[in-house]
Amino acid sequence: MIRSLWWAAKTGGEAPFDTAHLKVHYPAAPDGDRLTGVFRPEGGPYPVVLLLSGINVGQDAYRWLAVGIAAAGFVCVTFDRVGELFGGEYGLTPGVDLDAARPGTYGSRPTCPAIPSILAALAEIDLLKGAIDLDRVALGGHSAGGSLALQSARHFPEVKAVFAYGAHTMVATMLGWPAGTVVPAQVDCPVLLTVGTRDGVIMSSSDRYGQEAHPADPVTRTFDEALTDRDGSHLLAVFEGANHFGVADPVDPTAARAFLDLPATAEPRPALAQLVIAFLRTHLHGDTQARAVLDGLPGLRRR
């Protein structure tokens, strides 16, 4: 049985834009309290998976994946945080330190300052004491959230794996980078990159990065240029017919940039979940059967 609880974490900034609201999914014992709906964790301690959402994408869009990850033997955390985006606008965001993403400072600190606050907040939850292992953490993300995971993981030695959908480390020229720049991923662990062939959002954002002169898509360039070889443990999976919001269910047409996306011609979620879970179990559980699944999956590029 998978249950969830709500929590909050201060993530910096000025009130009221200084709080993340967390949803923590965990394997639960079946004998919960009928009055409160509280179910204690069963088993553990479990590694922690922190999912960073895309801009203006609510955490409930990733509940299907969070529940699947938790059922595979993890505590999986999603969160909503309203904060400043760009140009004084506000919206849902994992939180980004733009100064940390500029030339001269990139790599000196995480570009997502909310990560340590959220991990620290998990240690405060009495119900989960003894059920979580904060020395085994994975960062995952969609779109901008995936980029932040790729740009931040190295600063947290407890992070043992990173996965991202529709995300890359190509950086915006507005931050001062030359056109077409792909910055090195800040990772010291295996990385799984995934993307759909009909990702209209990334295609429509090429002017933001000065990408027009570079024929390869930013995700493939990230795999080829931003990651160093790791004996085949870095993986790239391209989902034929999937679009940018293929990882989100439901897709909210009133928010984010789904209006830029191409219509999907295939459903990636079942295969994506299988791949992500096998990757996480391989690198956080040391599961030899999961590694065999990864080794047997066709079409993956490896570094």
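1. A residue is called buried when its relative accessible area is under 20%, exposed when over 50%, and partly exposed in between (1.4 Å probe, protein chains only). By this rule strand S9 is mostly covered, since 6 of its 8 residues are buried; helices (H or I, at least four residues) and strands (E, at least two) are DSSP runs numbered from the N terminus.

2. This is a predicted model, in which local features need pLDDT of at least 70 and side-chain atom pairs count only at pLDDT 80 or more, while totals for chains, interfaces and linings use all residues. Residues are numbered from 1 along each chain as its sequence is written, and side-chain values use heavy atoms, with hydrogens and water left out.

3. Strands S8 (residues 159–165) and S9 run parallel and are joined by 4 bridges, with Ala164 standing opposite Leu193 in S9. S9 also runs parallel to strand S10 (residues 235–243), to which 6 bridges join it, and Gly196 has Phe239 in S10 as its bridge partner; two strands pair if DSSP finds at least two bridges between them.

4. Asp199 lies in the loop between S9 (191–198) and helix H4 (200–204). Asp199 is buried yet has no salt bridge, and the nearest side chain of opposite charge, Arg257, is 7.9 Å away, whereas a salt bridge requires a side-chain nitrogen of Lys or Arg within 4 Å of a carboxyl oxygen of Asp or Glu. Lys and Arg count as positive and Asp and Glu as negative, while His and the chain ends are not counted.

5. A polar atom of the Asp199 side chain does, however, lie 2.9 Å from the backbone nitrogen of Ile202.

Technical notes:
A polar contact is a pair of N or O atoms within 3.5 Å; within protein, one must be able to donate a hydrogen and the other to accept it, and residues adjacent in sequence count only if both atoms are side-chain atoms.
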